[in-house]
Amino acid sequence: MEVELRHLRAFVTVAERRTFTAASHELLITQPALSRTVRQLEETVGTRLLDRTPNGVELTETGGELYERLRGVLRDLDAALASAGGHAGLRIGFQWALPDPWTSDLLAAFETATGARATLLRRDDIVAALHSGDVDAALVRGDVHASGVTGAPLFQEDRLAAVAAGSPLTAGGELDWSELSAHPLVVNTVSGATSPDDWPPENRPAQVVECGSYDEWLAIIAAGRGIGSTTTSAARTHTHARVTYLPLRNAPQVALHLLWPTRRTGDPLLRRFRELAHAPA
């Protein structure tokens, strides 16, 4: 069997998303079809590229090497096709829920002003995506300090507390920021906007429950293993039947930043996107 472009895109997407479920949603195909496509690629190259685990997939050594080569090839191919078709654009990375309708309005304004297409791509490791050229810019919460990456704050978001539905903490209808540290704090260490360092040393949470994604964060809170804090926009878009969001008094706000590779600061499309992102709502 000859290797086709669909095989390569399927493998790279699974390698990036680390689960067949998320990859199938991104590619708009069924999980069985995606599994079959990746298996065909493995049979063609004659070796296993992915190890299936209870928590998703892990790249084998050969799979990791192939992924590093292919993602650059596919990125260059997409750029070449876009240029040939007159469809230049920007790929905007993000880690989790973005404020809306602000984001939708920004993308629409950019496309109207430039005639170029703006595409949102969810990536857990934003800095790696910027360095590799997988995304052209990124919208992230909190401060990010990395070599070769330039950033600028856009605006501040309010926080809400997240507690298990039915918890006694819901009785008052709201919480104070200082109260959160008295309970086990659930922290998304990969892409979350809350850290124990957000409290003064004398009032930091004594118990921290770490997780690696927003979905895990929600599930742990729903199970009553701890409480957490998130932005108002994330709470609106990521609901859970067993999680209640409460207003937070005296909570520090969360800054939304725009990041881009320093080497691309002069790019005209990127410059226009930055101007529109900074424009008053």
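Predicted model: local features only at pLDDT ≥ 70, side-chain atom pairs only at ≥ 80, totals over all residues.
Helix H1 and helix H2 cross each other in a right-handed way.

H1 covers residues 5-17 and H2 covers residues 20-27. Their axes lie 8 Å apart, and the two helices pack at an angle of about 130 degrees. That angle makes H1 oblique to H2. Which residues make the contact between H1 and H2? From H1 come Arg9, Ala10, Thr13, Val14 and Arg17, while H2 contributes Phe20, Ala22, Ala23, Glu26 and Leu27.

**A sheet of five strands**

Now turn to the strands. Five of them form an open sheet in the order E4-E3-E5-E13-E6, and the pairing is mixed. Which strands stand at the edges of this sheet? They are E4 (117-122) and E6 (149-157). Each has a single partner strand, so one side of each is left without a neighbour in the sheet. On average, neighbouring strands here are turned by 25 degrees against each other, direction ignored.

You can follow one pairing in detail. The partner of E6 is E13 (residues 254-261), and these two strands run in the antiparallel sense over 8 bridges. At one of the positions, Gly151 has Leu259 in E13 as its bridge partner.

**A sheet of four strands**

Another open sheet has 4 strands, again with mixed pairing, in the order E8-E12-E7-E11. Here E8 (175-176) and E11 (228-231) are the edge strands; each has a single partner strand, so one side of each lacks a neighbour in the sheet. Strand E7 (residues 159-164) pairs with strand E12 (residues 243-249) in the antiparallel sense, over 5 bridges. Look for Val163, whose bridge partner in E12 is Thr244. A helix also joins the picture: H8 (residues 214-222) packs on this sheet and touches E7, E11 and E12. The direction of H8 makes about 95 degrees with that of E12.

**Salt bridges**

Side chains of opposite charge can pair when their charged atoms come close. How many salt bridges does the structure hold? There are 16. Three of them are set out here.

| Salt bridge | N to O distance |
|---|---|
| Asp136 and Arg264 | 2.4 Å |
| Arg204 and Asp197 | 3.9 Å |
| Glu275 and Arg272 | 3.2 Å |

The salt bridge between Asp136 and Arg264 links distant parts of the chain, as its residues are 128 residues apart. Asp136 sits in the loop between helix H6 (126-132) and strand E5 (137-141), and Arg264 lies in the loop between E13 and helix H10 (268-278). Is Asp136 buried or exposed? Asp136 counts as buried because its relative accessibility is 4%, under the 20% cut-off. Arg264, at 22%, counts as partly exposed.

Glu275 and Arg272 show another arrangement. Both belong to helix H10 and are 3 residues apart, so about one helical turn separates them. Each counts as partly exposed, with a relative accessibility of 42% for Glu275 and 31% for Arg272. Elsewhere, salt bridges that share partners join Glu174, Asp176, Glu179 and Arg249 into one network.

In the remaining pair of the table, Arg204 is partly exposed, with a relative accessible area of 37%.

Conventions. Residues numbered from 1 in each chain as written. Heavy atoms only, no water. Pairing = 2+ DSSP bridges. Axes fitted to C-alpha atoms, helices over the stretch in contact; angles between N-to-C directions. Salt bridge = Lys/Arg side-chain N within 4 Å of Asp/Glu carboxyl O. Buried < 20%, exposed > 50% of the residue type's maximum accessible area, 1.4 Å probe, protein only. Parallel < 35°, antiparallel > 145°, perpendicular 65-115°, else oblique. Left-handed = near helix turned anticlockwise from the far one by under 90°. Contact = heavy atoms within 4.5 Å.
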